[in-house]
Amino acid sequence: MLQTGKIIKVLTGVTICTLFTAGFTMQETPEPNAKVANEVQAVTQHQMQVSNETSKYVKLTEKVKEEQRVKAEEEARIKAEEEAKRKAEEEAEAKRKAEEEAEAKRKAEEAEAQAQAQSQVQAVTPVAGEQELLAALIFCEAGNQPYEGQVAVGAVVMNRVRSGAYPNSISSVIYQSGQFGPAMTGWLDSVLYSGGYTQTAYQAAGDALAGVNPVGDCLYFGNGDWGLQIGDHFFH
């Protein structure tokens, strides 16, 4: 019995030691697991940090790309506006030059036509007494006008002689019914027979007979308000 009790005590002691050792081992085991967990947590945090930095980089890259796109569009818009402005200025300049050329051509054509018209005015050899008759009419109609205005009155008479719409002689034109007031009232004959016209009027008549014509193809003159004005008269 005593021996059996000793065996039991020995077994009990062994069991207790075994349990104590097991418990100690169970308490020490978690330490490696905690370290791993900390490392895992650290890795996870690092990955999250890297992910955040990557996200920030992506956003920054997208922002830079957007700014570059906006800048490129703005530069393209400015370039397009400048190009449109340049083309508009070129078109305006071309139009201006075309208008100037057209105006210059028109003036040249008018000058040529006027020169041709003047070249077609031929001197008329007056019949005896026609220069005196024309001088008397010039004196009556424009004796108080500048010399150019006196020649212009003589030129109107000569234009009518050449026109084909009026009689073809100076005297017939001057005495045509209802045309020249001095011829109708008798004043013209009075000046003509008395030689009352001036030397200026006589010279103006001579120039008109020679083809001097400051009024072009005008057939009328008067105190109106339209036509070519020379002195107080308007020629048309």
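**Salt bridges and a nonpolar core**

Tutor: E66 forms a salt bridge with R69, and their closest N and O atoms are 2.4 Å apart. Please keep in mind that this is a predicted model.

Student: What can side chains of opposite charge do when their charged atoms come close?

Tutor: In general, such side chains can pair. In this structure, nine salt bridges are counted.

Student: Where do E66 and R69 lie, and how many residues apart are they?

Tutor: Both lie in helix α2, which covers residues 30–120. They are three residues apart, about one turn of the helix.

Student: How is the exposure of E66 and R69 to be read?

Tutor: A residue is called partly exposed when its relative accessible area falls between the buried limit of 20% and the exposed limit of 50%. E66 has a relative accessible area of 37%, so it is partly exposed. R69, at 38%, is likewise partly exposed.

Student: What separates E103 and R106 in helix α2?

Tutor: About one helical turn separates them, because they are three residues apart. The side chains of E103 and R106 also meet in a salt bridge, at 2.4 Å from N to O. E103 has a relative accessible area of 31%, and R106 one of 34%, so R106 is partly exposed.

Tutor: Salt bridges can also share partners: in this way E66, R69 and E73 are joined into one network.

Student: May we turn to the nonpolar residues? Where do nonpolar side chains tend to be in soluble globular proteins?

Tutor: In general, they tend to be buried together. Here the largest nonpolar core has 36 residues, and L134, V157, I174, V215 and F235 touch the most other members. Several helices each supply at least two residues of this core, namely α3 (130–142), α4 (147–163), α5 (170–174), α7 (187–194) and α8 (199–209).

Student: Which residues does I174 touch, leaving aside those up to four places away in sequence?

Tutor: With those left aside, I174 touches L133, L134, L137, V157, F180, A183 and L188. Two of these contacts, L134 and V157, are themselves named with I174 among the residues that touch the most other core members.

Definitions and conventions:
Residues numbered from 1 in each chain as written. Predicted model: local features only at pLDDT ≥ 70, side-chain atom pairs only at ≥ 80, totals over all residues. Heavy atoms only, no water. Salt bridge = Lys/Arg side-chain N within 4 Å of Asp/Glu carboxyl O. Helix = DSSP H or I, 4+ residues; strand = E, 2+ residues; numbered from the N terminus. Buried < 20%, exposed > 50% of the residue type's maximum accessible area, 1.4 Å probe, protein only. Core = buried A, V, L, I, M, F, W, Y, C linked by side-chain atoms within 4.5 Å. Contact = heavy atoms within 4.5 Å.
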